[in-house]
Amino acid sequence: MDGIMYPISLLAIALMAFTFYQNNSIKMMVLILAIGGYIIYSHETGYNATEFKNEMIDSLDKSARDFSKSRGTEGYDETKLKKELKD
């Protein structure tokens, strides 16, 4: 987040958490504070949910490729399927 957007978002989170606390909605207050913690963490480290998702997808893709190589099924071969259907 650039410029003034980061402090404004933290201020909004703090106001929302305070409002939920005043209305005795502790679960919502904790949820809003968790969102605020995520905003602070992603701003400070630069590591966000999108990068985590991309790492998980790459890891699954690598595992699937390794699995198919170990089983000898490296790809879809339509000619092999046609031969099986004709026989």
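At what angle do the axes of H1 and H2 cross, and within what distance do they come? In this predicted model, the two axes cross at roughly 165° and come within 8 Å. Angles over 145 degrees count as roughly antiparallel, so H1 is roughly antiparallel to H2. As for handedness, H1 passes H2 in a left-handed crossing.

Stepping back to the whole chain, the protein has four helices and zero strands, which reads as α-α-α-α along the sequence. There are 87 residues, and 11% of them count as buried.

Back at the H1 and H2 pair, quite a list of residues turns up. On the H1 side, the residues that meet H2 are Tyr6, Ser9, Leu10, Ile13, Met16, Ala17, Phe20 and Tyr21. Their partners in H2 include Ile26, Met28, Met29, Ile32, Leu33 and Ile35, along with Gly36, Ile39, Ile40, His43 and Glu44.

Some of these names come back in the largest nonpolar core, a set of six residues: Tyr6, Ile13, Ala17, Met29, Ile32 and Ile39. Helix H1 (5-22) and helix H2 (26-45) each supply at least two residues of this core. Ile32 makes a handy example to look for in the structure: leaving aside residues up to four places away in sequence, Ile32 touches Ile13, Met16, Ala17 and Phe20. Of these, Ile13 and Ala17 belong to the core together with Ile32.

Key:
Residues are numbered from 1 along each chain as its sequence is written. This is a predicted model: local features need pLDDT of at least 70, side-chain atom pairs count only at pLDDT 80 or more; totals for chains, interfaces and linings use all residues. Side-chain values use heavy atoms; hydrogens and water are left out. A nonpolar core is a set of buried Ala, Val, Leu, Ile, Met, Phe, Trp, Tyr and Cys residues joined through side-chain atoms within 4.5 Å. Buried means under 20% relative accessible area, exposed over 50%, partly exposed in between (1.4 Å probe, protein chains only). Contact means heavy atoms within 4.5 Å. Axes are lines fitted to C-alpha atoms, for helices over the stretch in contact, and angles run from 0 to 180 degrees between N-to-C directions. Angles under 35 degrees count as roughly parallel, over 145 as roughly antiparallel, 65 to 115 as roughly perpendicular and the rest as oblique. A crossing is left-handed if the near helix is turned anticlockwise from the far one by less than a right angle, and right-handed if clockwise.
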